[in-house]
Amino acid sequence: MSSPRLPTVSRKEALILDLLAGASDLYGLELVEASEGRLKRGTVYVTLSRMEDKGYVTSSQEAKAQGAIGLPRRVYRLTALGRRAREAWAMVSKKLAWENA
Amino acid sequence: MDHDPSSPLPGRFLRRIAERVASKAACDRVLQPLLADLQFEHVNARGPWARGLVRARGVLAFWQAFGVTSVVDSGRHLWTNAWGITEKESHATQRLLVHVGLGATVVTALLLGSEYSHLRSFGSVFFFLIPSMLAVALPIGTLFAFALEEKACADQRRSAPIRVVLLAGLATFAIGAWLNPVANQAFRERVSRAVTTEFVGPLAKGDREMTLDDLAERSSALRSAGHGREAKRFDLEWHKKPAFGASCAALALAGAAIASLIRRRLWQFLAAFAVFNAVYGLLRIGEQAADAGRLAPALAMWGPFLLVAAISLAVLGVAHRRSDAALTSG
């Protein structure tokens, strides 16, 4: 009998989950700024896209205000699964902390 | 916002590239959000220097993301369409691959059978010879598969033979370059252990037990020590590994040429057998000439395959022109 495949959380994904948990909605650029150099502009959107596939985050294109210039931006928020994955990740990290000590 | 409406927003050209080259998913979910944030940052930047910095950082980030998504998209595409893009292509690839596999299995079994009688007393040790036999059997299997499977040469399924040749060539190269040296060394040590009571091992590697790096290193050491003639033996072995990988392409061409000239299966088989013997003979002569210092090792190993490929291409060209002429006159 094959066991169900558990969702995984990479280090960068865990950081994004933390940042999104502390705010309601964030743009990719805001995540880069809030990460204090730990997330890069060139890879954050790739990571966010992967997290969307995993169901950890959801995104929507912002409505363009009248007179606004430029492309519509994409805003990201945490899903219920993302919140649970973050809690599970925090618990596992805490339980196994002594391994890295 | 202090954006000057007369200066264009950055990213319009990059967006056009993304829309043309990247997949829709990569464009919508990675590249467009990146460009939207770049434009937002650019509009809000104060002064030309800050705007220049934002532009430079954004362009760099775009190409980085573009590179990552391209690799991911290409990998996904290759994985999904590994056998072929259409069902016909996929079927042709699998059919041809089965024929190559069958040919290689039969040749390996024959070679193993020929060694079995004098190695059976060592138990299962002769299984370590399988990689060295496979490195020879895969190109031979490719030759016979292409000679006997004339449908492989049909124009509308040209991608199937290319896929199979690439796969067989890469497998032959990988076996010859990495698996074969390890298996050969294991074989020698097991046989030595069985025949000598004082064996302490490990045995010093011979040229056939060396990887490409080992061979290059030994050859260079011998050359520096002034033993250029001895170094040629290692050069020969070094060239043998990629040449055998590439031989799958040359022998596939030979098989296709046979299939285009001869229609009867038995004659196709016999012609393929004759080609195999001719190539084998040329390789042996080349090897001996290289060992004696009369021929460059590269030419000894690559020459026979290049010759076969050139003759096969010429035959295929003639057959193609004939079929064109027949179609035009018909």
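Reader: What pLDDT does chain A average?

Author: The model is predicted, and local features are reported only at a pLDDT of at least 70, side-chain atom pairs only at pLDDT 80 or more, while totals for chains, interfaces and linings use all residues. Residues are numbered from 1 along each chain as its sequence is written, chains are lettered from A and ligands numbered from 1 in the order in which they are written, and side-chain values use heavy atoms, with hydrogens and water left out. On pLDDT, the predictor's confidence in each residue from 0 to 100, 92% of the residues of chain A score at least 70. The average for chain A is 88.

Reader: Which element of chain A has the lowest mean pLDDT?

Author: Helices (H or I, at least four residues) and strands (E, at least two) are DSSP runs numbered from the N terminus. Among the elements of chain A, strand E3 (residues 74-78) has the highest mean pLDDT, 95. The lowest, 63, belongs to helix H5 (residues 97-100) of chain A.

Reader: What ipTM does the predictor give the complex?

Author: For chain B, the mean pLDDT is 87, and 94% of its residues reach 70 or more. For the complex, the predictor gives a pTM of 0.62 and an ipTM of 0.89.

Reader: How much area do chain A and chain B bury between them?

Author: The size of an interface is often given as the accessible area lost when the parts come together. Here buried area is the accessible area (1.4 Å probe) that two parts lose on being put together, summed over both. Of the area between chain A and chain B, 61% is on carbon and sulfur atoms. The total buried is about 1,900 Å².

Reader: Which residues of chain A lose the most area to chain B?

Author: With contact meaning heavy atoms within 4.5 Å, the interface takes 19 residues from chain A and 22 residues from chain B. Three residues of chain A together account for 35% of what that side buries. They are Arg41(A), Tyr45(A) and Leu71(A).

Reader: How many salt bridges are counted between chain A and chain B?

Author: A salt bridge is a side-chain nitrogen of Lys or Arg within 4 Å of a carboxyl oxygen of Asp or Glu. Arg73(A) and Asp37(B) meet in this way, at 2.7 Å from N to O. Between chain A and chain B the count is four salt bridges.

Reader: Which element gives the most residues to the side of chain A that touches chain B?

Author: Across this interface there are eight residue pairs in polar contact, both at pLDDT 80 or more; such a contact is a pair of N or O atoms within 3.5 Å, where within protein one must be able to donate a hydrogen and the other to accept it, and residues adjacent in sequence count only if both atoms are side-chain atoms. On the side of chain A, the elements giving two or more residues are helix H2 (28-34), helix H3 (41-54) and E3. The most, eight residues, come from H3(A).

Reader: Which residue forms a salt bridge with Arg86(A)?

Author: Arg86(A) is partly exposed, at 28% relative accessible area. The pair links helix H4 (residues 80-95) with helix H1 (residues 11-21) of chain A, and its residues are 68 apart. With closest N and O atoms 2.8 Å apart, the partner is Asp18(A).

Reader: Why does the pair of Arg77(A) and Asp25(A) tie together parts that are 52 residues apart in sequence?

Author: The side chains of Arg77(A) and Asp25(A) meet in a salt bridge, 3.0 Å from N to O. The pair ties these parts together because Arg77(A) lies in strand E3 of chain A and Asp25(A) in the loop between H1 and strand E1 (26-27).

Reader: Is Ser312(B) buried or exposed?

Author: Chain B has ten helices and zero strands, and Ser312(B) is found in helix H10 (residues 297-329). Leaving aside neighbours within four places in sequence, Ser312(B) is in contact with Ala250(B), Leu253(B), Ala254(B) and Ala257(B). At 5% relative accessibility, Ser312(B) counts as buried.

Notes:
Buried < 20%, exposed > 50% of the residue type's maximum accessible area, 1.4 Å probe, protein only.
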